[in-house]
Amino acid sequence: MPVKICPLLKRLAALMLALCITSIGFAQSTTPSRPKELLPPKDIASEINILLGDLHSLERETLKFSDPVAEALAKAEIADAAWQLDRIWAKKVLSAAYELALPNTEQSPSQNRPAGSIPLMPNAADRSRLKVRKRVLEIARTDKDFISELVQLEQKSLGASGKHDASAILGDQALMAGDIKTAADYILQGIEADPTQINAPHLINGIALRDRALADNLILHYIDELRKFPLNSENQSDVRTFYALAGLVKPYIFEPNVNREPIRVNPPGPEVMRAYIGYMLEALNNLEQQYPGYLQMRRRILLSLWVPLQQFARDLANAFLNLESRSRRPGDNSTLPTVTSEEEERRNLYEKHIKDELNGDQPAVATIFSAISRGDFDKARKLIAKLADEMKKKQLSDMVNAEEAVSLAMKGRVYEAEALAVKLTSANSIIRVYPMLIGKCFAKKDQICASTLVNQALRQVKISDTSPPIVPEGIPASVVTNDQRLDPILSFIGKLAIDMLPYSSDLAFDVVNELVSTANARPTDSDQEQVVFDTNVFKQLAGKDEMRTQQVAYSLRSPVQRVLALTAVYQSRAKELAGQQSQLTNSR
């Protein structure tokens, strides 16, 4: 590795102290503090070479990791730091990370599965691998040829659904970057790979927020692809398709981690609505021919078409009425729905469920969820009180307290929200509530309030229950199985540090020191050593004080955590060096 004498004796002494305190198993960084001003060309080149040497050292350390997914994650982050400085090497490292994160033959029963197959329910290991592959695709997104190679690897390993999901990931990332055209291209690739999977079509509403006409064209293309693909009940392609289409014609976006309330999206235009109604009538008719009695089973779906049909496709009324008469059970004299009757039916059905469950012995979790989502917290608590399972009762009570705290905070009743927040015992609830409350303090520029809540959150989250959230009956527990390598408590502490950073660097570093202390207190056996957290906090802090952040990163005991934290510091430095290199190139 190139050696450079650092002129900042103070920094060298501090680093030597950190290295003496912490035993590390890889080459020590010799890089100086992050440059603050535009350097001469020779110095920029020297800085880049030294940084690449450090990154190569870290990459060699990943070969010692016993967990291939931890190795893959570390390689991906190292490649991200090198992406603008040594693209050839970065792509080589990314390819290795992607292959490590693909399931092998024994782990992947989805190999060679045709389009239309039932999607396999991912377990914790699947989620860990998928998270790494998403990260690799995010880093490589601007290199279309390289991306194509990675997607081909995904398809070879995971079949048509693998290509669909990889395309959806890329579409989502392009959408977040504001590249609507590229996002639309990837959405189409995903739909064409397997039109019965829902991840790619789901993204069309994100397009609609920015370009309704483009979204309408995508929906029309989606319907055209569906017409080429025969639906059936055995592989559940029918219910997946109907669900995806319903979300597109009555669009909204709900991402609890981003927005607390659903974002309403302008509905599609008349051409899309007519195509949708026509396709649904054709599909239901075809499925009835395949499975006699299908229309009776799916009568509610058929009836949902009547109201929009009156507005957008009156000429299809006879086709609808023919199917509707065949969907009636003997003695059924019910009338066709109206807008008002549909709303009343939903409300009456909800009230009936609540009443029945309150009069029964063991209320369904799904009914409790429904009450919570509607803000009927008192009814939810009454239902929870009837449960015999004490663990389930504790989890659901915590969920009610969290959702009511969020509701109160959004109404400006912060003190009442704080009173509920201190009762929270699960990590999921604490993570959901406290960032919002702390944000309220920052909005008022009340640092004392923010510091008080941060300290309270730290006390609670360190002793919190990290078990997965409870799910309604009939939903596999694997749906909410956590990534076992990602520590939610450490990640939450890191997020608190980032939240504090714009207001007080010292407070942010105090919080990140708590993160390191908590991480180092974890058992050091081979399994626990692989536990990771979102190291973005080190990247953010390095932008404020690289030397201090690097010292904190070195103090992590786990080799995996230490490599990831140092890589995050180097990502910050790489970004600045790449910027300086670009300025130098443009000035010539």
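# Reading the model, term by term

Visitor: Why does K445 count as exposed?

Guide: Exposed means over 50% relative accessible area, buried means under 20%, and partly exposed lies in between (1.4 Å probe, protein chains only). K445 has 76% relative accessibility, so K445 counts as exposed.

Visitor: Good start! What kind of model is this, and how are residues numbered?

Guide: This is a predicted model, with residues numbered from 1 along each chain as its sequence is written. Local features need pLDDT of at least 70 and side-chain atom pairs count only at pLDDT 80 or more, while totals for chains, interfaces and linings use all residues; side-chain values use heavy atoms, leaving out hydrogens and water.

Visitor: Where is K445, and what is its phi?

Guide: K445 sits in the loop between α22 (427-443) and α23 (447-462). Its phi is near 55°, a positive value in a residue other than glycine.

Visitor: How many helices and strands does the protein have, and what makes a run count as one?

Guide: The protein has 28 helices and two strands. Both are DSSP runs numbered from the N terminus: helices are H or I with at least four residues, and strands are E with at least two.

Visitor: Which helix holds Y243, and is that residue buried or exposed?

Guide: Y243 is in helix α11. At a relative accessible area of 59%, Y243 is over the 50% cut-off and therefore exposed.

Visitor: What makes α10 roughly parallel to α12?

Guide: Axes are lines fitted to C-alpha atoms, for helices over the stretch in contact, and angles run from 0 to 180 degrees between N-to-C directions. Helix α10 (residues 212-227) and helix α12 (residues 270-290) pack at about 15°, with axes 10 Å apart. Angles under 35 degrees count as roughly parallel (over 145 is roughly antiparallel, 65 to 115 roughly perpendicular, the rest oblique), so α10 is roughly parallel to α12.

Visitor: Which residues make that contact?

Guide: Contact means heavy atoms within 4.5 Å. Among the contact residues are I219, L220 and I223 of α10, and A275, Y276 and Y279 of α12.

Visitor: How do α4 and α6 pack?

Guide: Helix α4 (residues 87-101) and helix α6 (residues 144-176) pack at about 15°, with axes 11 Å apart. That makes α4 roughly parallel to α6.

Visitor: Finally, how much of the protein counts as buried?

Guide: Of its 588 residues, 49% count as buried.
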